[in-house]
Amino acid sequence: MQSRFTEFSKIEVELTQEKELDQLPERPISTEPSNKSSAATEEKVLELIEASYPNPLSLETMCSHFDSDETCIRALLSELQLKKKIRTMENNLNNFTRMERDS
């Protein structure tokens, strides 16, 4: 390290644990089409998109996963886009992924 980075003589790193979990979250959620037992809500759509991250999720997959029509899911996706929680893919506007969080 000293031969390539002559300006650095010492690097100090501090690691901290932000919070401790009592139990692990129930992930990943299956993105396979289910028996359409639930109606789509903002929380459920966002959870499904986050479970598929970093892979984008298509509108057709979401429609097959929920017992809601396409217009309802499109409205929920629009709300999530306005809140800057998800975004469309540049190459296909019917594919969605979550926004990368800046830490």
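Which residues have the most contacts inside the largest nonpolar core?

**View 1. The largest nonpolar core.** This core has 16 residues, and those with the most contacts inside it are Val 45, Ile 49, Met 62, Ile 73, Leu 77, Ile 86 and Phe 96. A nonpolar core is a set of buried Ala, Val, Leu, Ile, Met, Phe, Trp, Tyr and Cys residues joined through side-chain atoms within 4.5 Å. Two or more residues come from each of α1 (42-52), α2 (59-65) and α3 (70-82). The model is predicted: local features need pLDDT of at least 70 and side-chain atom pairs count only at pLDDT 80 or more, while totals for chains, interfaces and linings use all residues. Residues are numbered from 1 along each chain as its sequence is written, and side-chain values use heavy atoms, with hydrogens and water left out.

**View 2. The surroundings of Met 62.** Apart from neighbours within four places in sequence, Met 62 is in contact with Val 45, Leu 48, Ile 49, Leu 57, Ile 73, Leu 77 and Phe 96. Contact means heavy atoms within 4.5 Å.

**View 3. The whole chain.** The chain has 3 helices and 3 strands, and along the sequence they follow the pattern α-β-α-α-β-β. Helices (H or I, at least four residues) and strands (E, at least two) are DSSP runs, numbered from the N terminus. Of the 103 residues in the chain, 25% are buried; buried means under 20% relative accessible area, exposed over 50%, and partly exposed in between (1.4 Å probe, protein chains only). Among contacts between residues at least 6 apart in sequence, 51% join residues at least 24 apart.

View 4. Two strands pair if DSSP finds at least two bridges between them. Strand β2 is joined to β3 (residues 95-98) by 3 bridges, and Ile 86 has Arg 98 in β3 as its bridge partner.

View 5. A disulfide is a pair of cysteine sulfur atoms within 2.5 Å, and a search of the whole structure finds 0 of them. The sulfur of Cys 63 is 9.4 Å from the closest cysteine sulfur, in Cys 72, which is too far for a bond. Cys 63 is buried, with a relative accessible area of 16%, whereas Cys 72 counts as partly exposed at 30% relative accessibility.

**View 6. Two backbone details in loops.** Most residues other than glycine have a negative phi, and most peptide bonds are trans. The peptide bond from Tyr 53 to Pro 54 is cis, with omega near 10°, and Pro 54 lies in the loop between α1 and β1. Lys 84 is not a glycine, yet has a positive phi of about 60°. Lys 84 sits in the loop between α3 and β2 and counts as exposed, at 63% relative accessibility.
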